[in-house]
Amino acid sequence: MVVEIAGAPPAGSPSLTRRPIADGPRGMRRAPDLADNAVLVAREMLSPTVARLVVRPDAGVGPFVAGQYLALGVRIDDRVVQRPYSTASDPAAADSHEFLVRRVPDGALTPRLWTLPVGARVHLGPPKGTFTLVAGDRKPHLFVATGTGIAPFLGMLRTLARRPEPPRTILLHGAARVEDLVCGDDIADLAPGGLSITYVPTISRPDDPANRGWSGRTGRAEAVLASVLRSAGLAPGGGLAPARGLGPGGISAYLCGNPGMVAAAEAVLLEHGIPAADIHAERYWTAPSATGESSAAGAIVGAGPA
Amino acid sequence: MAFVIAAPCIDHLDQACVEVCPVDCISHDPGVDRKAYIDPEGCIECGACESACPQGAIMLDVRLPAAWANFTEIDRGWWIDPEWARDAVDSQAA
């Protein structure tokens, strides 16, 4: 397959080198330095398909910022299979990293993570990523997550809760099933502090038997988002009603999870007058399920069969 | 599939890709190499490097234009025989 790329050179390339790739001792493959440098200290099943893994690095967590991701890896057949996951930990208080991991039945890594004994050695990469809170931002913060996309927001909310005058926050959490609305207890634990959190869970498949008895909001996160913005006084076209909630100074929006949700939510926010500069996004990889539908796998965008 | 670093990286070596790669599968020898190299066995195809590269040098191997097709082998080869890869880069840049 050949794809036209702007700026690409014309077809036809020179030969590679005067000699073949070395074989013998010189041809030994360089091994990336991926040590087992951390230990799995806890695994808590939050739902049949989502687990909270707690991993403690041997050398301590070191500096990181809420919202960043780290590669979590397990040695399988002499090779470290790794995927990046957002840390849910509070940088100011953590001695370990919490990860929310959705099991992918045919994945290269997550089935192993499910059976790995607590106490097992694992690989943990350095914290990376720029999906972090804007320093000094006093605007109300709107967080929108699907599934395990709530992970970085736990760290962010824990960070905000330590501020003397934290901004008002709204957390909109969407999932297909009630059981996937994980970490509601973590949010409740933050509420008694000085942080104002409006927690808005929503279920996208209200007719699913697994959701029997659900009396909360229904609809996909991006659809409920429009309703949340309306109730806060933001209208399509950018109209603002300062007396109603979010105020005239705008909001800062953070989106994390299924790439489809992120794209749709971005469109809704822009339509409601939120500047693109105030919209921050982290996209998680989506795995096709047996039914052909996609579900957020929990790893950072594109991270292969997890 | 894996992402590959093609000709626009040569002599630029911005290294934004190294910063964002979640699995640290991009490397080069400072002062020796003219470009960075992706380990195809470590690449998880997340695409973080592609969007971070200011040169537009990184793309999936299946999307490489014909003139840059050799860079799939060059990136793979550097992890086995760096001198071979450097010769190949010089040939491509010539």
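Modeller: Two strands pair if DSSP finds at least two bridges between them; helices (H or I, at least four residues) and strands (E, at least two) are DSSP runs, numbered from the N terminus. This is a predicted model, in which local features need pLDDT of at least 70, side-chain atom pairs count only at pLDDT 80 or more, and totals for chains, interfaces and linings use all residues. Residues are numbered from 1 along each chain as its sequence is written, chains are lettered from A and ligands numbered from 1 in the order in which they are written, and side-chain values use heavy atoms, with hydrogens and water left out.

Biologist: How many bridges join E7(A) to E11(A)?

Modeller: There are five, and the two strands run parallel. Within this pairing, Val144(A) stands opposite Leu255(A) in E11(A).

Biologist: Is E11(A) mostly covered or mostly uncovered?

Modeller: Buried means under 20% relative accessible area, exposed over 50%, and partly exposed in between (1.4 Å probe, protein chains only). In E11(A), six of six residues are buried.

Biologist: Which residues touch the most other members of the largest nonpolar core?

Modeller: In soluble globular proteins, nonpolar side chains tend to be buried together. A nonpolar core is a set of buried Ala, Val, Leu, Ile, Met, Phe, Trp, Tyr and Cys residues joined through side-chain atoms within 4.5 Å. Here the largest has 25 residues, and Phe143(A), Phe153(A), Met156(A) and Leu157(A) touch the most other members. The elements giving two or more residues are strands E7 (141-146) and E11 (252-257) and helices H2 (151-161) and H3 (184-190) of chain A. H2(A) supplies the largest share, six residues.
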